[in-house]
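User: I would like to go through the terms used for this model and see what each one rests on. Please set each value against its rule.

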Amino acid sequence: MAEDLVLDIKNLVVHYETEDADVHAVNGIDISIGKKRTLGLVGETGAGKTTTALSILNLVPNPPGVIKEGEIFLEGKDVLKMSSADLEKMRGNDVAMIFQDPMTALNPVMTVGDQIGESIAIHQNLSKKEAFEKAKEMLKMVGIAESRAYDYPHQFSGGMKQRVVIAIALACSPQLLIADEPTTALDVTIQAQVLELMKMLIQEQEMSMLLITHDLGVVAEVCEDVAVMYAGRIVEKGTADDVFNHMRHPYTEGLFDSLPNLKQRGEELVPIKGLMPDPSDLPPGCAFAPRCPYATEECSKAVPQLMPVDGSETHFVACSAYNHPEFRLRGNKDGK
Amino acid sequence: MIRYILKRLIMLIPVILVTSFLIFWAMSLTGGDPALMLAGDNAKPEQIEEIREELGLNDPFIVRYGNYMKGMLTGDMGQSYVTKRDVFKTFMERLPNTLMLGGAAVFIAVVVSIPLGIYTAIHQNTWKDTAGMIFALFGNSMPNFWLGLMLIIIFSLKLGLFPTGGKGGLDSLVLPAVTVGFGLAALITRTTRSSMLDVLRQDYMTTARAKGCSEKQVITVHGLKNALIPIITAIGLQMSLVITGSVLAETVFSWPGIGRLVYDSISKRDTPMVTGSIIMCSILMCIINLVVDLIYAFFDPRIKAQYSKKG
Amino acid sequence: MAQANELKKQYKKRTLAQETWRRLVKNPGAMLGLGFLGLLIMAAALSPFIFDYEVDVIGQNMSERLMAPGAAHWFGTDEYGRDLFARVIYGARYSLIIGVGSVLLGLVVGTILGSQAGFHGGVIDSIIMRGIDIFYSIPNIMTAVVIVSLLGPSTVNLMIALAFSCASSFARIVRASVMTIRDQEYVESSYAMGLPTWKIIVKHILPNCLSPIIVQITLLIGTTIISASSLSFLGIGVPAPAPEWGALLSAGRGHIRDASYMCIIPGLAIMFTVLALNLLGDGLRDALDPKMKK
């Protein structure tokens, strides 16, 4: 099992240390992605998803960001212990990233062809001209005419820009693609197109992917594995089937209840009450306890650890309620 | 692009007309009676009247302006009251000296300040940053003619390394160029730093790093090219500072440029010389501004596109 | 409802100012600058009560001419035996009044011109910007020469002359800011909502370039003080025998070999004043825009 892992994050802790506060963005998470698998990392804004993604490339902005603890193994090598030369070789070549906002992710004073060609030139030791030719092929692959390689980002629409960003990311056929909310900034109609394109390319190039999103619909469509993140911790993880059909964590349930269900139209939407706690001032116990409808006194005493669900090898949940074997979520289908 | 340049050049014409009109008008109001100046102290009234007639000074103002502009087209801007020399020729003789001084000053400023600005931006909030910023602060706060005086006291009078003034070999250019360049360097350092800090925060810098660019490539290829746009604007905006600085430095160092020429002409009330020089200076500045705008377009495709669209 | 909004706005403004002040206090450079400027303003304001202008500042005393700095005359005396300390302190009045006056005058004119040019574009932009080009194309020292020789040398005319160059700086800054945000969606949407142009300028565009303007004001007061002294140095600024700092330097230049303190001291006065303004300006910028700092 372990040797099949493309990415294995162990006990990652990242803080942002500013003058005013010490923000606990990521608080000891463990996630792993197998070869050719796609993991969806789900959570609200501010849950620490993007920080996790940047940590994999060792690109957490420092200062103020500090990776306090943990190991991030990429094909067995710890990213956090790499020299800067090794990091440069890894970035873009082994791991590539698609950013949330294509409007700002592209350099405004460089042609898109140059921007795609740049990483090819770096990692495949090609001349600028050869790289540019390859960049044209990449453009074609993401569905943009080759002739547009000479254009600048301001001449493209949002969806087209995101295609360019995808082309940059896939230019060197990385083993792992990190996509940070790749469709959030796009129109709904474009979202589906871009998602479809990514899905197709990933299958074609046999890549693994870490898909960061707050959109459960996107996860259902693309991901095989799911990890749910809350206030810098993983609260539940498992296969898509585990999490979608056999959910265990109250937060996961809350996320699903707040989604409109097309099959049961009459059903009422139930938003999760309250707000995520301030990451510079987390409660001592379970961070979700203040908002949790099942919370007991026990919950605010100790941080619950991820435990296997009913002896499952894939499905884990971090919730103290399961210390009582009879506990079931109200809406849990297989629990009734 | 070429159409844009042509358009800008054509647009220079009204600018020159209005500028020269205003200057000509202002100077004719204040310049005293040229006939009196030319005739000398012992002239009889008839002689003065003769000169007035000869110079066309009895014509209405607008006719005199028309004649002046007609003359300007052929390089005839009248002659100096004091030296009796041709204004246009004198100006053109002096111009290379000022361009040399200004060029050397800009060169010194750019070579020092852009690397320094980048360096301080990268090491933001460290002592290196603070040291660079203190340098820039002092450079910004010093009147450059005073810096020139201090340089003379230290390097000429005390150490005897450079001449106190005049134009000789390359060594005579050093102190004046440093005098003009220092303030400019301080300004460009600050602009480069803040522009670079701004760029460093941009998402595309993260994209570049995530691609595997080395930190050096990220800074020079992605950072500097974006940061250069405000830097060029700043340099362009400061071109008149260079000229102003040159006027002062030329006065302090007796450098035979146009600044010195204007200063001498003002103190001797040599109206044709002042009028001509200031008009020529404004034309020179228009051309410099145009060049700056074109450089600007060269670095920013968005602006280039705008220029092309406008034709 | 409108009243409530007004209240809310006031409340927000006050806390913003308080927040800015709180951050400014933490900046030692800015506090140093502010302290120096406070002292200087106080000295300038009190100088008529400390010194008798006719006797101490412009009164000649040939028996004490060219005395080096010492206990009797802290900054020495000039070629007419006038106490340089009294003249430098008195000179602060000129520099401060000219600096602040010119910049404020320039700000009003420049903001109006720049926002109009940037917002409307097209013909209006061309006319305004070409007009500004005209003033800008002549180095400000030459504009000043023309204006001062037209209006006659006096402190007020010097201020008007210097305000012209300030105005063109402000106009260019405002125009550039306007042009970069003019096409952004939130501006377009307020346009689409039918907000009149001047309201859009005041509500959206000016707040966006407020910090560069504030920074520019402090920087320009410094620059203008330098320009004013440059003009006086050339003999076309504040007329003699007023102890303007540039005029003091001009007099000192003749004695650069035998009394170099006459060159050094007035320049230091200019430098420290402008330095204090720059320190304060930088501090203000950091305090106004905390994002810039981190």
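Analyst: Helices here are DSSP runs of type H or I with at least four residues, and strands are E runs of at least two, numbered from the N terminus. By that rule the elements of chain B, read from the N terminus, run α-α-α-α-α-α-α-α-α-α-α-α-α-α. The model is predicted.

User: How many helices and strands does chain B have, and what does its C-alpha trace span?

Analyst: Chain B has 14 helices and 0 strands. Its C-alpha trace spans about 85 × 60 × 30 Å along the principal axes.

User: What makes H4(A) and H6(A) roughly parallel?

Analyst: Helix H4 (residues 112-124) of chain A packs on helix H6 (residues 158-170) of chain A at an angle of about 20 degrees, with 8 Å between the axes. The cut-off for roughly parallel is under 35 degrees, and H4(A) and H6(A) therefore qualify. Their crossing is right-handed. A:Val112, A:Gln115, A:Ile116 and A:Ser119 of H4(A) meet A:Val164, A:Ala167 and A:Ile168 of H6(A). That contact has 5 nonpolar, 2 polar and no charged residues.

User: What are the angle and axis distance for H4(C) and H7(C)?

Analyst: Helix H4 (residues 84-120) of chain C and helix H7 (residues 155-182) of chain C pack at about 35 degrees, with their axes 5 Å apart. H4(C) passes H7(C) in a right-handed crossing. The residues in contact divide into 21 nonpolar, 9 polar and 2 charged.

User: How do you know that A:Asp225 and A:Arg37 form a salt bridge?

Analyst: The rule asks for a side-chain nitrogen of Lys or Arg within 4 Å of a carboxyl oxygen of Asp or Glu. The closest N and O atoms of A:Asp225 and A:Arg37 are 2.8 Å apart, so the pair meets the rule. A:Asp225 lies in strand E9 (residues 225-230) of chain A and A:Arg37 in the loop between strands E2 (22-34) and E3 (38-42), so the pair ties together parts 188 residues apart in sequence. Over all chains the count is 21 salt bridges.

User: What is found between chain C and chain B?

Analyst: In this pairing 43 residues of chain C are in contact with 47 residues of chain B. About 4300 Å² is buried between them, 73% of it on carbon and sulfur atoms. The rule finds 1 salt bridge across this interface. C:Asp282 and B:Arg190 meet in a salt bridge at 2.5 Å, N to O, and that distance is within the 4 Å limit.

User: What is found between chain A and chain B?

Analyst: Here 24 residues of chain A are in contact with 22 residues of chain B. The buried area is about 1900 Å², of which carbon and sulfur atoms give 62%. In chain A, A:Pro108, A:Val109 and A:Glu118 lose the most area to chain B, together 27% of what that side buries. The count is 1 salt bridge. A:Glu118 also forms a salt bridge with B:Lys211, with 2.8 Å between the closest N and O atoms.

Technical notes. Residues numbered from 1 in each chain as written. Chains lettered and ligands numbered in written order. Predicted model: local features only at pLDDT ≥ 70, side-chain atom pairs only at ≥ 80, totals over all residues. Heavy atoms only, no water. Axes fitted to C-alpha atoms, helices over the stretch in contact; angles between N-to-C directions. Parallel < 35°, antiparallel > 145°, perpendicular 65-115°, else oblique. Left-handed = near helix turned anticlockwise from the far one by under 90°. Contact = heavy atoms within 4.5 Å. Nonpolar A, V, L, I, M, F, W, Y, C, P; charged D, E, K, R; others polar. Buried area = accessible area lost by both parts, 1.4 Å probe.
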